[in-house]
Amino acid sequence: MAKLLSGKEVCEALNEKLMERTAALRKKGVIPTLAIIRVGENPSDLSYETGAAKRAALVGVEVVNFVLKEDCTKEELLAVIDRINADPTVHGCLMFRPLPKHLRAFNDEICNRLDPKKDVDSMTSLSNAGVYEGRTDLGYPPCTAQACIEILDHYGYDYSGKRVTVMGRSLVIGRPIGMMLQHRNCTVTTIHTQTRDPLAYLPYSDLIICAAGVLNSVGAAQVRPGQTVIDVSMNWNPEKITSKGKGGMSGDCNFAEVEPIVEAITPVPGGVGAVTTSVLMKHVVEAAEKI
């Protein structure tokens, strides 16, 4: 039976430290503040916004919401970003993406309008450059990628020399987590939709990062004893019955097959996703401390 890498345990440890840091900032007259930009009423955005507000209140971070209509213009959105950039009381900014279709052609212009010092979820090109260069003075890594690192660090993972396979190459998780693990002296292989026989790489890995977004794509045949599995994906699983009698969420791993074999694994839900919001708050606090 694998060791469960509980996100709840990591969150509790992070939150305790964050409360101490926000209390110290407030004594100095600094109230760490996060601006959240939401365009439209996407249910997943609303759900994350609610969760972020609760976590912020818990650890002592203020939240300021900027809500624009679904059909807002590029100029209206840029004006909000400019307002946030100019406000010294706002230390971090989260903008929900993807943006509505009519704004996506301007995605680079919009994202890079934000001051990288306030970019707490790697929205700007400069933040992405910081991830690739291993620098901490160029914005912040994506919260989901950092959440993987927080979990591994919390449970004392020894990175040096480990063989890692990352499933997926998105800018949100696949590419940045690969670079972050290389900075920790891992040897990283990234597999994607064009990789030939992609699952053949998994048995040779010490650490597997599952971020493909394909339900049950990793089973007993792809894993071996001694491995650690970080399952990032959240896939709708109609066969996973909740207390309300409906389907639920599962990762890329077939948990029932993989968990008895590997050494350690994150549950879904209750793993990486549970830590992401705490990482967001950590980045806001760090930004406030740099003022």
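A: Let us begin with a single position, keeping in mind that this is a predicted model: Val 166 is found in strand E5, which covers residues 163-167.

Q: Is Val 166 buried or exposed, and why?

A: The general idea is to compare the relative accessibility with a cut-off, and buried means under 20%. Val 166 has a relative accessibility of 0%, and therefore counts as buried.

Q: Which residues is Val 166 in contact with, once its neighbours within four places in sequence are left aside?

A: Val 166 is in contact with Gly 174, Ile 177 and Gly 178, with the run Val 188, Thr 189, Thr 190 and Ile 191, and with Ile 209.

Q: In what order do the strands of the open sheet run, and is the pairing parallel or antiparallel?

A: Three strands make up this open sheet, in the order E3-E2-E4, with parallel pairing. The edges are formed by strand E3 (62-68) and strand E4 (92-95), each of which pairs on one side only. On average, and with direction ignored, neighbouring strands of this sheet are turned by 20 degrees against each other. Strand E2, residues 33-39, pairs with E4 in the parallel sense over four bridges, and Leu 34 stands opposite Gly 92 in E4.

Q: Which way do the residues of strand E8 point?

A: In a regular strand the side chains alternate between the two faces of the sheet. In strand E8 (residues 228-231), Thr 228 and Ile 230 point one way while Val 229 and Asp 231 point the other way, and all are buried.

Q: Which strands does E8 pair with?

A: Strand E7, residues 207-210, pairs with E8 in the parallel sense over four bridges, and Cys 210 stands opposite Asp 231 in E8. E8 also pairs in the parallel sense with strand E11, residues 264-265, over two bridges, where Thr 228 stands opposite Ala 264.

Terms used. Residues are numbered from 1 along each chain as its sequence is written. This is a predicted model: local features need pLDDT of at least 70, side-chain atom pairs count only at pLDDT 80 or more; totals for chains, interfaces and linings use all residues. Side-chain values use heavy atoms; hydrogens and water are left out. Two strands pair if DSSP finds at least two bridges between them. Axes are lines fitted to C-alpha atoms, for helices over the stretch in contact, and angles run from 0 to 180 degrees between N-to-C directions. Buried means under 20% relative accessible area, exposed over 50%, partly exposed in between (1.4 Å probe, protein chains only). Contact means heavy atoms within 4.5 Å.
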